[in-house]
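Me: I have a model open and want to learn how to read it. Can you take me through it feature by feature?

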Amino acid sequence: MKKLANKRFSAQKGFTLIELVVVIVILGILAATAAPKFIDLTGDAKGAVIKGVQGSVNSAINMVHAKALVGNQTGEVGSVTIEGQVFALAYGYPTRGTADSEGTAAKPHGINKLIELESGTSITYVESTGVFSHSQATTAAKCSVTYSIATKAGDVVTPAKAVLDVDDC
């Protein structure tokens, strides 16, 4: 009995048309479900870049605030010098800066000059709002980091912070 069964299978050469069609259909279904995941990777990459910018801004905030504490520059206005450049402070935290800043006592820099963005980068900064955004995002305002300057109410200082928005990168 075993010999008959083995002979029948050994006589078969190749795949039947039905087997090939089934394999092609299965591959098509897999491709259709996997393709959207790979297509959306550019949005994920832009979101990762903005998260990196947020990390840089947070590091800059902490570095400057530590320097301001050591230099007793925690008043309503102050300044610190880093690598020969002057940075304006509000309550010991960096300000947003101005477009015409020169890094001097008369025209100090703000947060935007504390982080290094490569030339040709897709990250833009607007001094008046403190928003770093990805210019190639689907909606730049929804792929951004907003820098909020330090404020004071009574005796309580609210530290500067970087708020992340990656809803539509």
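Reply: Start with a cut-off: a residue counts as buried under 20% relative accessible area, and as exposed over 50%. Keep in mind that this is a predicted model.

Me: Is Ser128 buried or exposed, then?

Reply: Ser128 has a relative accessible area of 59%, so Ser128 is exposed. Ser128 sits in the loop between β4 (123–126) and β5 (131–134).

Me: Now helices. How do I judge the length of α2?

Reply: Compare its end-to-end reach with the span expected at 1.5 Å a residue. Helix α2 covers residues 17–39, 23 residues in total. From first C-alpha to last, α2 reaches 32 Å, close to the expected 33 Å.

Me: Where does α2 bend?

Reply: At Thr33, by about 25°. A proline, Pro36, follows within four residues.

Me: And what is the reach of α3?

Reply: α3 has 30 residues and reaches 44 Å, close to the 44 Å expected.

Me: How do I read a list of buried positions on a helix?

Reply: Look at the spacing. An α-helix has 3.6 residues a turn, so residues three or four places apart point the same way. In α3, the buried residues include Gly43, Lys46, Ile50, Val53, Val57, Ala60, Val64 and Ala68.

Me: How are α2 and α3 placed against each other?

Reply: Take the angle between their axes. Under 35 degrees counts as roughly parallel. α2 and α3 pack at about 30°, with axes 5 Å apart, so they are roughly parallel to each other. Lys37, Phe38 and Ile39 of α2 meet Leu41, Thr42 and Asp44 of α3. By class, that contact has 3 nonpolar, 1 polar and 2 charged residues.

Me: Last, backbone angles. Which residue just after α3 has a positive phi?

Reply: Asn72, at about 55°. A positive phi deserves a look here, as Asn72 is a residue other than glycine. Asn72 lies in the loop between α3 (41–70) and β1 (78–82). Its relative accessibility is 63%, so Asn72 counts as exposed.

Me: What about Tyr91: buried or exposed?

Reply: Tyr91 has 16% relative accessibility, so Tyr91 counts as buried. Tyr91 has a positive phi too, about 60°, although it is not a glycine. The loop holding Tyr91 runs between β2 (85–90) and β3 (93–94).

Notes
Residues numbered from 1 in each chain as written. Predicted model: local features only at pLDDT ≥ 70, side-chain atom pairs only at ≥ 80, totals over all residues. Heavy atoms only, no water. Helix = DSSP H or I, 4+ residues; strand = E, 2+ residues; numbered from the N terminus. Expected span 1.5 Å × (residues − 1). Bend = angle between axes of the 7 residues up to and from the residue. Buried < 20%, exposed > 50% of the residue type's maximum accessible area, 1.4 Å probe, protein only. Axes fitted to C-alpha atoms, helices over the stretch in contact; angles between N-to-C directions. Parallel < 35°, antiparallel > 145°, perpendicular 65-115°, else oblique. Contact = heavy atoms within 4.5 Å. Nonpolar A, V, L, I, M, F, W, Y, C, P; charged D, E, K, R; others polar.
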